[in-house]
Amino acid sequence: MAEQSTPDKAQPRREALTRLRAWKALQSHHDETRDLQLRELFAKDPARGERLIAEAEGIFLDYSKNRITDDSLKLLFGLAQESGLKTWIDAMFQGVKINTTENRAVLHVALRAPKEASIVVDGENVVPKVHAVLDKMAKFSDRVRGGEWKGHTGKRIRNVVNIGIGGSDLGPVMAYEALKHYSERAMTFRFVSNVDSTDFAEAVIDLDPEETMFIVSSKTFTTLETMTNALTARAWSIKSFGGDEASVAKHFAAVSTNAAEVSKFGIDTDNMFEFWDWVGGRYSMDSAIGLSTMLAIGPEHFREMLAGFHKMDEHFRTAPFEKNLPVIMGLLNVWYADFFGAQTVGVLPYEQYLKRFPAYLQQLTMESNGKHVTLDGVEVTYTTGPVYWGEAGTNGQHSFYQLIHQGTRLVPCDFIAFAEGLNPLGRHHDVLLANVFAQTEALAFGKTAEQVKAEGTPDWLVPHRVFEGNRPSNTLLAQKLTPEVLGKLVALYEHSVFTQGTIWQINSFDQWGVELGKVLAQRIIPELESREEPALAHDSSTNNLIRRYRRANGSGP
């Protein structure tokens, strides 16, 4: 194994990625093999589909339909070794502050560690704190779900509205939709994130305030969008109780670290659930941010989900690269992004409950790896952070698959499917899975002009009906979608993201790119709300837009 750099900001700069021997070898290899066809690779190796597979913790990965050879894999694994991936994995699990720009550890893995584990940050084992919060969440959830918790007028809580944004919304929404089969159907769950008032208005339009609880999720309890919605929720709730502010304590809970602001809002801090600065928002769905998830599916199912996370964590930490699902998937993304110029990755779950999974992955992947400088602050000269997108199958087949099959862009795809459906109904599941297998086959092998002609197609129409094929895909199969399997899938993608970020020598755990717009918005808000004509000092476009808005809503001359 090549010498590995230590993930410590005090260490000297690492050798630039494009100067690594493994990178140069991959570039030469790509130049030699980029025109290889999957048809040829399968013809030369009939057992390819049985060899290029990996399986761990009940997740089966078929990566044989990728534009790779055995040599490609050896070189990619060599790149992982030369990049020090194992060292960085160990550092993350050990609580080293690998988020160097914020001087923080990166320990979402601690959120699902068993009670007996020890993960030390600044000399303290954080695992007992994690389980103390989980136990507190479980007691709260049992009281609400069981009807012991009563609202201000003595009615039980039947509606839960989660207010958050980013990781405080996308994770809970995705998990609720994914695990709806296991949820308490006597309760209604809604999610508000957008500061657009329509989001809040539609979420509560048919809810009884006396039976409604709001969960406000904001680490600082100052997030603009979240607190704007939270204050609107507070006013909506209080109004139904004749303005009695004491009612807030019975109808609001908080996920935060700012006890002073939570108390000022009127929430009893006994109903405040903590998380920590070593948990990034997009990695927090299994922390207290998942309170709405626990309320929906119950503490037992929530802990099953955590167990799934942990099993994939341990697989990632211990498995050799050649059998490591997150490593394999991460390296394949590097292969396509940096050597084939692929700009996007399609995530296509053939499970209706996972309809929000692609949206969840958008934040996880693009907020993590959408970076233009290395850990050393040097401008990168290669592609990082492909765009993730997707839709549940089979809906997507009648939408954007045309571009994937016959368009001019290379779009590597992940197909996700399950051997068992959660709602058996006639032949539905067989039809669903047939489409999964057919799509990956069609993408890989296509249809030649000769095959099209043999079907009796007129010559003029032949070019339109040719499928080039050679479009890469992974297929992920599990038995059925359970809380545990969901945890495994999310952890799989988390660690694939980490693998990619390590190769690219970037910080996958900060998100400075979301800050500038927030700062400017805080400056513009008073300019929009001012009764007097404000003195504007933006560019001419922004100044003009502000003035036009003020005139349109009656604020300006």
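This is a predicted model: local features need pLDDT of at least 70, side-chain atom pairs count only at pLDDT 80 or more; totals for chains, interfaces and linings use all residues.
**The five-stranded sheet**

- Let's start with an open sheet of five strands, whose order is β6-β5-β7-β8-β9 and whose pairing is parallel.
- The edges belong to β6 (188-192) and β9 (272-273); each has a single partner strand, so one side of each has no neighbour in the sheet.
- Inside this sheet, β5 (residues 159-163) and β7 (residues 212-217) run parallel and are joined by five bridges.
- If you want a spot to look at, find Ile-163, which sits opposite Val-216 in β7.
- Helix α9 (residues 224-239) packs on the sheet and touches β5, β6, β7 and β8 (252-255), with its direction at about 160° to that of β7.
- Another helix, α8 (residues 197-204), lies across β6 and β7 and runs at about 170° to β6.

**The six-stranded sheet**

- Here six strands make an open sheet in the order β1-β2-β13-β12-β10-β11, and this time the pairing is mixed.
- As a reminder, strands of a sheet pair through backbone hydrogen bonds, and they can do so parallel or antiparallel.
- At the edges you'll find β1 (53-56) and β11, each with a single partner strand, so one side of each is left without a neighbour in the sheet.
- On average, neighbouring strands of this sheet are turned by 20° against each other, direction ignored.
- Strand β12 (residues 413-418) pairs with β13 in the parallel sense over six bridges, and Ile-416 stands opposite Leu-476 in β13.
- Helix α15 packs on this sheet, touching β10 (344-349), β11 and β12, and its direction makes about 175° with that of β11.
- Helix α17 (residues 428-445) packs on the sheet too, touching β12 and β13, at about 155° to the direction of β12.

**The largest pocket**

- The largest pocket has a volume of about 1,000 Å³.
- Its lining has 39 residues, and those nearest the centre are Thr-223, Gln-511, Val-514, Glu-515 and Lys-518.
- Two or more lining residues come from each of α7 (167-178), α9, α15 (357-369) and α21 (515-529), and α21 gives the most, with four.
- Sorted by type, the lining has 13 nonpolar, 17 polar and nine charged residues.

**Cavities**

- By type, the lining of the largest cavity has six nonpolar residues, five polar and one charged.

- Most peptide bonds are trans, and most residues other than glycine have a negative phi.
- Gly-393 and Thr-394 are joined by a cis peptide bond, with omega at about 10°; Thr-394 is in the loop between β11 (387-390) and α16 (401-406).
- Asn-470 isn't a glycine, yet its phi is positive, at about 65°; look for Asn-470 in the loop between α19 (462-465) and β13 (473-478).

Technical notes. Residues are numbered from 1 along each chain as its sequence is written. Side-chain values use heavy atoms; hydrogens and water are left out. Two strands pair if DSSP finds at least two bridges between them. Contact means heavy atoms within 4.5 Å. Axes are lines fitted to C-alpha atoms, for helices over the stretch in contact, and angles run from 0 to 180 degrees between N-to-C directions. Ala, Val, Leu, Ile, Met, Phe, Trp, Tyr, Cys and Pro count as nonpolar, Asp, Glu, Lys and Arg as charged, and the others, Gly among them, as polar. On a 1 Å grid over the protein atoms alone, a cavity is a set of points where a 1.4 Å probe fits but cannot get out, and a pocket is an open set with protein on both sides within 12 Å along at least five of seven lines; lining residues have an atom within 4 Å of a point. Grid points are joined across faces, edges and corners, and a volume is the space filled by probe spheres set on the points.
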